[in-house]
Amino acid sequence: AEYMGAYPYVHHIIMSRGNQRDKDRERAQARAAKHAAEKNAKSGDSFKRKDNDALIMKQKQEAADKKKAEQEAALAAERAAARAQVVKQKFDAIDNEPLVKTN
């Protein structure tokens with residue numbers, strides 16, 4: 001008798017798969033071919049997608065720059081108004097001082 005190892009029945013379990021391994025391999029190859037075809041189809045549009053993405057990013061950047069410029073203009077107007085208020089207060093204080101100081 002030939003020695004088949006500690007578990008002689010394992011040989012039958014492994015071999016009971018039949019052609020399942022071949023079928024799985026064929027299915028895997030079919031899936032890989034399908035995904036490769038999809039990838040190739042998408043890569044042709046990648047230039048259009050990149051151009052579109054670049055255009056969108058440019059528009060967003062222009063909008064952000066415009067918003068920043070508006071905020072800076074508003075801040076400059078606030079500062080100018082505050083300076084004008086300080087100057088007015090100083091002139092008002094000078095105008096309210098008596099011309100001759102009495103001791």
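**A briefing on this predicted model**

In this predicted model, R25 forms a salt bridge with D22, and their closest N and O atoms are 3.2 Å apart. A salt bridge here is a side-chain nitrogen of Lys or Arg within 4 Å of a carboxyl oxygen of Asp or Glu. Residues are numbered from 1 along each chain as its sequence is written. Because the model is predicted, local features need pLDDT of at least 70 and side-chain atom pairs count only at pLDDT 80 or more, while totals for chains, interfaces and linings use all residues; side-chain values use heavy atoms, with hydrogens and water left out.

**Overall layout**

- The protein has three helices and zero strands, and along the sequence they follow the pattern α-α-α.
- Helices (H or I, at least four residues) and strands (E, at least two) are DSSP runs, numbered from the N terminus.
- Of the 103 residues, 1% count as buried; buried means under 20% relative accessible area, exposed means over 50%, and partly exposed lies in between (1.4 Å probe, protein chains only).
- The accessible surface comes to about 10100 Å², and 57% of it belongs to carbon and sulfur atoms. Such areas come from the Shrake-Rupley method with a 1.4 Å probe, and for residues only the protein chains shown count as cover.

**Salt bridges**

- A search of the whole structure finds three salt bridges.
- R25 and D22 both lie in helix α2 (residues 20-44), three residues apart, which is about one turn of the helix. R25 is partly exposed, with a relative accessible area of 45%, and D22 is partly exposed too, at 41%.
- D24 forms a salt bridge with R27, with the closest N and O atoms 3.3 Å apart. These residues, D24 and R27, are three apart in helix α2, so about one helical turn separates them. D24 has 29% relative accessibility and counts as partly exposed.
- D92 and K88 meet through their side chains in a salt bridge (3.1 Å, N to O). Because D92 and K88 are four residues apart in helix α3 (residues 46-95), about one helical turn lies between them. Both count as partly exposed: D92 at 33% relative accessibility and K88 at 47%.

**A nonpolar patch**

- V87, F91 and I94 form a nonpolar patch on the surface, with about 300 Å² of accessible area together.
- Patches are made of residues with over 30% relative accessible area and no salt bridge; like charges are joined within 9 Å, and nonpolar side chains (Val, Leu, Ile, Met, Phe, Trp, Tyr) within 5 Å.
- V87 sits in helix α3 and is partly exposed, with a relative accessible area of 43%.

**Confidence**

- The mean pLDDT (the predictor's confidence in each residue, from 0 to 100) is 80, and 73% of the residues reach 70 or more.
- Confidence is lowest in helix α1 (residues 10-15), at a mean of 52, and highest in α3, at 92.
- Where pLDDT is low, the predicted coordinates should not be read in detail.
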